[in-house]
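Let's take a walk through this structure together. Have the sequence and the 3D view ready as you read.

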Amino acid sequence: MAHSLNPRYYSEQWINGGVGHVRPHKDAEISQMRMSCFKKLFPAGEDLKRVKEEYTRFSTCTGEFNDYDSIYDRWILDPLNWWVNYGQSTPLLQGLAIKFVNQPASSSCCERNWTPTTLSTA
């Protein structure tokens, strides 16, 4: 889900920056998993419909996301900052994005908390 909501993965700079880069809404496996997450997170039919519509506007840069600054800043801004600045018109998606793109991408923080430390007894 975090991959689908990261604005950088929709920017021309990212797409042109590497072989095999595909926007998340055009990748079949990512799209299938995203829809599965949407269904789990929004079991009410109306909310599910709304979040899908919000995602469509975000991923295709249409509606309120068809603004030069919004498109340009997808590559420039940190994903969390981008959502805070441009996601107000899509409150369901913005809420998800802020939760998901703000999570650490590795388990090193957790591992550090649970690794036994050696205490010296003096």
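Predicted model: local features only at pLDDT ≥ 70, side-chain atom pairs only at ≥ 80, totals over all residues.

Residues are numbered from 1 along each chain as its sequence is written, and side-chain values use heavy atoms, leaving out hydrogens and water.

Across the whole structure, a search turns up 12 aromatic pairs. Rings of Phe, Tyr and Trp (its six-membered ring) pair if their centres lie within 6.5 Å; planes under 30 degrees apart count as stacked, over 60 as edge-to-face and the rest as tilted. Phe 58 and Trp 83 have ring centres 4.8 Å apart and planes at 45 degrees, so this pair is tilted. It links distant parts of the chain, 25 residues apart: Phe 58 sits in helix H3 (residues 45-59) and Trp 83 in helix H5 (residues 79-86). Helices here are DSSP runs (H or I, at least four residues), numbered from the N terminus.

Are these two residues buried or exposed? Phe 58 is buried at a relative accessible area of 0%, and Trp 83 is buried at 0% too. Buried means under 20% relative accessible area, exposed over 50%, and partly exposed in between (1.4 Å probe, protein chains only). Ring pairs also join Phe 58 and Trp 83 into a cluster with Tyr 10, Phe 38, Tyr 55, Phe 65, Trp 82 and Tyr 86.

Now turn to Arg 23, in the loop between helix H1 (12-16) and helix H2 (28-41). Arg 23 is buried, with a relative accessible area of 17%.

Key: Helix = DSSP H or I, 4+ residues; strand = E, 2+ residues; numbered from the N terminus.
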